Amino acid sequence: LLQLYQPLNWFGTYYRVISQNFIDMEKMLDLFEEGVAVRDAPNAGELLVRKGGGIEFKDVCFSYDPRQPAVKNLTFSIKPGTTVALCGPSGGGKSTVFRLLFRFYDIQSGSICIDGQDIRTVRQQSLRAHIGVVPQDTVLFNSTVMYNIRYGKPSATDEEVIAAAKAAEIHERVLAFPDGYNTKVGERGLRLSGGEKQRIAIARTILKSPSLVLLDEATSALDNTTERLVQDSLTALANSRTTLVIAHRLSTIVDADSILVLKDGAVVEQGTHDELIEKEGTYHSLWMRQLEEETNEDRAESGEPN
Ligand code: ATP
């Protein structure tokens, strides 16, 4: 019995270590919902990001379920160092684009390239080392703020952690916590607000310093001051990196270098905010609806009738 128990026990420990490492991405990427089996090619090399991390999706087809394609002949390219917002109706394929770039699934046809290299030809570890993910709802470890930020680069010094926290506009807030950077956070520690958790995740990613950033913006409404702080922190993160944002808030959309509108797994519109507004198509309708919702929320907050 002991012989049987030991491997099981080892597996349990191993599984916990893995699941903890992926805890942040778990929600967004549904890692454990699927029996994902993506393998490195036998001669897979390192991903070399020498041209700033340009992204190219070419005729990408992928479905979770053969009866229903999630993306269909998806084609778009993102210039190195730019910030691109993904928006569009629910189920349009925004999260799927993230999962495919991170290679949590292999596509059925087409290709996905970073700086000209097909991501199926490089080692997954190398691909993921170049990508920073900021999920919508960051799960913090039950440990100190210092530990939670340093997680982005375990070898970082305290000074580097603090510099990242400053860039992410969370340093002052951390100093106001009972034990500063040694304050325990997470489920069993100090409970942080959504905006604070996201800034910790941003600090972590600034420290990791990836070439590409995938950011799933929080949907929840933030107050104006927090919104501004999160925005400044995102600007620091996106600076000189290729950044893809699943955009839920107008501020990000307006500032993006380009906007991709995804609907039914394909790009239906692409351009800057001004270009797409002028077009009066899908983006224009989404924008008008959001403006109306925001106006109603503002009225509700100030007690005015709609
Ligand atoms: P939302 O704005 O609601 O998050 P989205 O634009 O991110 O939506 P995706 O989550 O990428 O859309 O979904 C694209 C399509 O793939 C949808 O039809 C969805 O039902 C399907 N889908 C997404 N995740 C899974 C999954 N794990 N298993 C099966 N189908 C899935």
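Which residues come nearest to the ligand? Some notes on that and on the rest of the fold.

1. **Ligand shell.** Keep in mind that this is a predicted model. Of the 12 residues around the ligand, the nearest are Tyr64, Ala70, Ser90, Ser95 and Thr96. Sorted by class, the shell holds six polar, four charged and two nonpolar residues.

2. **Overall make-up.** The protein chain has 12 helices and 10 strands. Of its 306 residues, 34% are buried. Looking at contacts with a separation of 6 or more, 74% are between residues 24 or more positions apart.

3. **Strand β8.** Have a look at residues 242–246, which form β8 and are mostly covered, with five of five residues buried. Thr242, Leu244 and Ile246 point one way, Thr243 and Val245 point the other way, and all are buried.

4. **Neighbours of β8.** Strand β3 (residues 83–87) runs parallel to β8 and is joined to it by four bridges; here Thr83 sits opposite Thr243. Strand β7 (residues 212–216) is also parallel to β8, with five bridges joining the two. Leu215 has Val245 of β8 as its bridge partner.

5. **Helix α9.** This helix covers residues 224–238, and its length checks out: at 1.5 Å a residue, its 15 residues should span 21 Å, and the end C-alpha atoms are 21 Å apart. Its buried residues are Leu229, Val230, Ser233, Leu234, Leu237 and Ala238. These lie on the same side of α9, because they cover an arc of only 165° around the axis. As a reminder, an α-helix has 3.6 residues a turn, so residues three or four places apart point the same way. Over on the other side of α9, Asn224 and Thr225 are exposed.

6. **What covers α9.** The cover over the buried residues of α9 includes β3, β7, β8 and helix α8 (194–208). After α9 comes Ser240, with a positive phi near 60°.

7. **Gly132.** This glycine lies in strand β6 (residues 131–134). Is Gly132 buried or exposed? With 24 other C-beta atoms within 10 Å, Gly132 is buried. Leaving aside residues up to four places away in sequence, Gly132 touches Thr205, Lys208, Pro210 and Val213. Gly132 and Leu237 are 105 residues apart in sequence, yet 9.9 Å apart in space, C-alpha to C-alpha. Leu237 is one of the buried residues of α9.

Terms used: Residues numbered from 1 in each chain as written. Predicted model: local features only at pLDDT ≥ 70, side-chain atom pairs only at ≥ 80, totals over all residues. Buried ≥ 20, exposed ≤ 12 C-beta atoms within 10 Å, placed from the backbone. Contact = placed C-beta atoms within 7 Å. Near = placed C-beta within 6 Å. Nonpolar A, V, L, I, M, F, W, Y, C, P; charged D, E, K, R; others polar. Pairing = 2+ DSSP bridges. Expected span 1.5 Å × (residues − 1). Arc of directions from axis to C-beta.
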